[in-house]
Amino acid sequence: MSVQGAGRWRTFVQTETGSAALLLVAVVAALLWANIDLHSYEAVWRTHLTIGLDAHHLSLDLHEWINAGLMSLFFFVVGLEARRDFDMGELRDRRWVLLSVIAGLGSMIVPALIYVAVNAGHDSVHGWGTAMSTDTAFALGILAVFGSRLPASLRAFMLSLSVVDDLVALVVIAVFYSESIHLSALFVAVGALLAIALLRAAGIRNGAYCAVLSVVVWLALHEAGVDPVVTGLAVGALVVAYPAPREDLEQASRLFRLFREQPTPELQRTAARGLSAAISPNERLEQRFLPWVSFGIVPLFALANAGIELSGPKLAGAFTSPITLGIVCGCLVGKIVGTVGSMAAAHLLSHGRLRPNVGWGSVSVGGAIAGAAFTVSLLIASLAFEGEELDEARIGILATLVGAFAVSWAVAGVIRLLPAARRARALLGDTDPITDLAVAVSSRHDRIRGSETAVVTVVEYGDFECPYCGQAEPTVRDLLGNESDVRYVWRHLPLTDVHPNAQLAAEASEAAARQDRFWEMHDLLLKRQDALSVQDLMGYAREIGLDLARFRDDLEHHRGARRVAEDVDSADLSGVSGTPTFFINGRRHYGAYDIAALTSAVEQARQRALAGRAGATHHETAAG
């Protein structure tokens, strides 16, 4: 992966963590404001804002504009990430899609049933939707607190649950908490959504068309009596994600070179369009909206909805109220029971074909974290309750944030007490992970450094003239020096459109390989990337003791070109378009490639591999 990809991932993780912290600040600020001056707090959010002219206008108070308008962008980002996970992530395994749906439904149905049981015989029973939903921002924030103590794949598990959770919650809002539905307006909304889908299918990239149609969908749903926040999730899920194709990147390079030679405004616009077109619309849109949503919209939503008076009598009354107790019990107990129970049932009924991509311990921690209710629960509470009942619901929702963190910390603490082998299996499971590497490592074909029996295999697609590959080389050497059960594989990916000497350098390394000096030449080429002419290469061949006549003959007849082309073809099959790109035990590494990040990724892969071996041994013993 290129440094741009690594930076994008770091930015996303930092945004998640920072967003959760800012969200917590907004909650505290809302509580302080409401308890200092409740009248001014309520007055601000009741201020009306009107958009339009004369008879054609839309007038809502600020509270409604935030909850129904701005929150559509929050769900749009959720939809984008769901689609990216479906196209490029864990959800590529459609069995995992099915299991995520089952677990998501289980984690919502059980809390709703607990709420109904607690509120049976009370008018408040109709608020069962408040106990169903997990807050994505807080859940990922809690997960970030655990850091490397939990497997990285648990994040994909939590995201899968959150997507199903948000989708079902929005359907619940539309069906059970919306006013009478006007079918004519609903048909207009469906038609506009279909138009967006057709534009995407036709490859029309003009975002203005989709933006206008999205506004039409939102307005039509509002007029239909359906909460229009569903617009964001539906539109986001239509935006495809894919790795940057090599052809698009090469075209972008050509356009940039034209601009570099003649820096005119016209060529600047053409180059900018070419660079933009090389990235999938899903990634472009998420990069554009994620900071605004995380650092603006979601905290603003919290500020507008979390303000409640927290006097002693009110708290005492709330925690004896069936509304508060139903929400707290439903979220903190029902989420774990529903998540673990539904996945266990699916595993048994499918005779083991449906298994989570993490261990059952991680599933339990994930279920506990999922008990954090906030954004959607507050949204449903504002639709289901008012007055005193709404305050009781809000107190219950805020209590789940503290409770979810405490319960998940306790579950993780129990797992940490297990012996190392059992702990690894509890966290990582024994499911075979998705393999991103299209062409498996072969000792007969690949250039391998390290033992063939190593537990972990690190594959790098690299370019000898790429400065980022040169920067990554010391990290790789440190990794191999520190880890005895890791082997390293180099595969060629010369980016000839930006590195004119890369192909020649790759062929030189293969010419050295014909004299059993591949790694000596590999190391020299990465150390001296600014000197890769034929004369320089001949000097390196002399330095490492090669037969110079044979080396020159191999270079002149391009005898290594076929071997390099085979690596390039394997890169294309694996969706690799930039360097360096790392694969660890067949899984593409999307993080940074400093020593700490790669060591952590290798350790995760080692634990998963050892857990898989232990699981296989256990199954064989049981079968015997």
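Helices (H or I, at least four residues) and strands (E, at least two) are taken here as DSSP runs, numbered from the N terminus. The model is a predicted one, in which local features need pLDDT of at least 70 and side-chain atom pairs count only at pLDDT 80 or more, while totals for chains, interfaces and linings use all residues. Residues are numbered from 1 along each chain as its sequence is written, and side-chain values use heavy atoms, with hydrogens and water left out.

Let us start at a proline. Proline 580 sits in the loop between α24 (561-573) and β6. Threonine 579 and proline 580 are joined by a cis peptide bond, with omega at about -5°.

Two strands are said to pair if DSSP finds at least two bridges between them. The sheet is open and has 5 strands in the order β3-β5-β4-β6-β7, with mixed pairing. At its edges are β3 (447-449) and β7 (587-588), each of which pairs on one side only. β7 is joined to β6 by 2 bridges in the antiparallel sense, and arginine 587 in β7 is the bridge partner of isoleucine 584.

Now look at β4 (residues 456-462). Along one flank, β4 runs parallel to β5 (residues 486-492) over 7 bridges; with β6 (residues 581-584), β4 pairs in the antiparallel sense over 4 bridges.

How enclosed is β4? Buried means under 20% relative accessible area, exposed means over 50%, and partly exposed is in between (1.4 Å probe, protein chains only). Strand β4 is largely enclosed by the rest of the structure, because 7 of its 7 residues are buried. Both of its faces are covered, with Val456, Val458, Glu460 and Gly462 buried on one side and Thr457, Val459 and Tyr461 buried on the other.

Next come the aromatic rings. Rings of Phe, Tyr and Trp (its six-membered ring) pair if their centres lie within 6.5 Å; planes under 30 degrees apart count as stacked, over 60 as edge-to-face and the rest as tilted. That rule gives 15 aromatic pairs. Tryptophan 33 and tryptophan 45 make a tilted pair, because their ring centres are 6.1 Å apart and their planes meet at 55°. This pair links distant parts of the chain, with tryptophan 33 in helix α1 (residues 3-36) and tryptophan 45 in helix α2 (residues 38-45), 12 residues apart. Tryptophan 33 is partly exposed at 26% relative accessibility, whereas tryptophan 45 is buried at 8%.

Another pair, tryptophan 65 with tryptophan 218, is stacked, at 6.3 Å centre to centre and 5° between the planes. Here too distant parts of the chain are linked: tryptophan 65 belongs to helix α3 (residues 62-88) and tryptophan 218 to helix α8 (residues 207-224), 153 residues apart. Tryptophan 65 is buried at 15% relative accessibility, and tryptophan 218 is buried at 10%. Ring pairs also link Trp33, Tyr41 and Trp45 into a cluster.

Some rings have a charge over them, which requires NZ of Lys or CZ of Arg within 6 Å of the ring centre and within 35 degrees of the ring normal. Arginine 416 lies over the face of tryptophan 409, 5.6 Å from the ring centre. Arginine 447 lies over the face of phenylalanine 518, also at 5.6 Å from the ring centre.

Turn now to helix α15 (residues 360-369), which holds serine 362. With 0% relative accessibility, serine 362 counts as buried. Contact means heavy atoms within 4.5 Å, and serine 362 touches Pro151, Leu154, Ala426 and Leu427, not counting residues up to four places away in sequence.

Histidine 351 sits in the loop between α14 (322-349) and α15; its phi is near 55°, a positive value in a residue other than glycine. Histidine 351 is exposed, with a relative accessible area of 69%. Aspartate 516, in the loop between α20 (502-513) and α21 (518-527), likewise has a positive phi, near 60°. At 66% relative accessibility, aspartate 516 is exposed.
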